[in-house]
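This briefing is for a reader meeting the structure for the first time.

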Amino acid sequence: MVFSTPIFVFGFLPCFLGAYYVLPKAFRNWLILLASTLFYAWWRADALIVLYAIAGGSYLAGYVATQTRSSKVKTWAVRLGVSFNLAILGWFKYTTFLLGNLNTALGGDALVVPEIILPIGLSFLAFQSISYVIDVARGDAPAAKKLSDFLAFSSLFPQLIAGPVLRYKDLAHQFEHRMHSLSLFSRGLRRFLQGLAMKLLVADSVAPLADRMFALSDPTMTEAWLGAAAYSIQLLFDFAGYSAMAIGLGLMIGFHFPENFNAPYVSRSITEFWRRWHISLSSWLRDYLYVPLGGNRRGKLKTYRNLLLTMVLGGIWHGANWTFVIWGMWHGGLMAIERALGAKHRETVWPKAIAWPLTMVCVLLGWVVFRAETLADAGAMYAGMVGLNGIVMRPELITLTTVTELFFLALGATISIAPRLPRPSLSMSPALQSALLSILCFVALQARTNSPFLYFQF
């Protein structure tokens, strides 16, 4: 079940909200746990075993770490808790990739490569659970008082499948005390509708254009850059739209989730881009990987190494493919260069006239290898981008490209850089905006037959 489907919008969500506000407050966390279980089981019921194994193992590790008086026991509790999460993530996400590469290196099929189905949202769940174990052991977060509350946190359906990456310390008190009001609910509803519109109207409208261009074996310069631009808008509005819906759903039931996007396409450096894009992941990588590696405390060369290693591991987190490794190296390398040029002390190290366009070109180039299924496919797109396959768009592709695709590509691009543009003198009231978005989303829901979220694969 996904947010952008009629079964969720007109079935699951109204039933859940109705039951939530009818029940006494003492039972609402239990309802969240039940609803989240049903929501996840809609995809595969057997995947619940993985979900609750991770949650149960992390809860146990946190419990031991807080109850023991032995520093050695606490250390081992943390190590085992983190290793348990990484082992499950590694088995489901990287086994096939590693064995496949070993077979290639050995020049045959000596190793049996099992077919493993990756539970959706596993990467998000594993990172959240790891942060819980570490934070509790450090004393940065309270240990969950009840297993049911931690299970409800781990399986919280608004963010379960594609984030934001939550930390228990930010939500612990909200499971005990949450404020509910018509004003807060209305804010949440508007935010949900905004996210739904981002997904259905923009991301899904430009997706066919991106798919068509990336499917070409020999794209021309126009086709390659158009495909890269379309994918960049699709990915932003797909993922940021999901995050907006998750935040909105949280507000409807009294939870305040952290923001996950802050106009990333207005960035004037890659360093700034990562302060604005997938903020919850960026901060997680900083706090639980970059800083423990030494951060910027051990000299310039090790700082550059830590940046590169952090971003490579962040790339691998997205998927078991060499394309994600290269994508992580690209961003890590650029961040290291910017740090060497003084990014720590300045908003941008590039001349103001070219800072923004240069950053966007670097981001687009990165999205190509991020989107490509193989390095060879990425290479074909890059060849097209420099004009090795010609310049203009082929007539048959012009015919296939619709006005709707180009309109929403232009609209998405305009919205994504809106903070850089002059503000309009007139604005729409929240009520009118919600009404208009409701109508547009209703029409789109009836028209769309398939609307998967891109980040489900991660």
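In this predicted model, helix H9, which covers residues 221-252, packs against helix H14, residues 352-371, at an angle of about 85 degrees and with the two axes 9 Å apart. Because angles from 65 to 115 degrees count as roughly perpendicular, H9 is described as roughly perpendicular to H14.

**The contact of H9 with H14**
- On the H9 side the contact is made by Trp-225, Ala-228, Ala-229, Tyr-231, Ser-232 and Leu-235, which meet Val-361, Leu-364, Leu-365, Trp-367, Val-368, Phe-370 and Arg-371 in H14.
- Sorted by class, the residues in this contact are 11 nonpolar, 1 polar and 1 charged.

**The largest nonpolar core**
- The largest nonpolar core has 136 residues, and those touching the most other members are Phe-3, Phe-8, Phe-16, Phe-192, Tyr-265, Trp-277 and Trp-367.
- H9 gives the most to this core, contributing 18 residues.
- Trp-367, leaving aside residues up to four places away in sequence, touches Tyr-231, Ser-232 and Leu-235, and also Tyr-265, Phe-273, Trp-277 and Trp-327.

**Cysteines**
- The count of disulfides in the model comes to 0.
- Cys-15 is in no disulfide, since the nearest cysteine sulfur, that of Cys-441, is 20 Å away, whereas a disulfide needs the two sulfur atoms within 2.5 Å.
- Cys-15 is exposed, with a relative accessible area of 57%, while Cys-362 is buried, with a relative accessible area of 13%.

Definitions and conventions:
Residues numbered from 1 in each chain as written. Predicted model: local features only at pLDDT ≥ 70, side-chain atom pairs only at ≥ 80, totals over all residues. Heavy atoms only, no water. Buried < 20%, exposed > 50% of the residue type's maximum accessible area, 1.4 Å probe, protein only. Axes fitted to C-alpha atoms, helices over the stretch in contact; angles between N-to-C directions. Helix = DSSP H or I, 4+ residues; strand = E, 2+ residues; numbered from the N terminus. Parallel < 35°, antiparallel > 145°, perpendicular 65-115°, else oblique. Contact = heavy atoms within 4.5 Å. Nonpolar A, V, L, I, M, F, W, Y, C, P; charged D, E, K, R; others polar. Core = buried A, V, L, I, M, F, W, Y, C linked by side-chain atoms within 4.5 Å.
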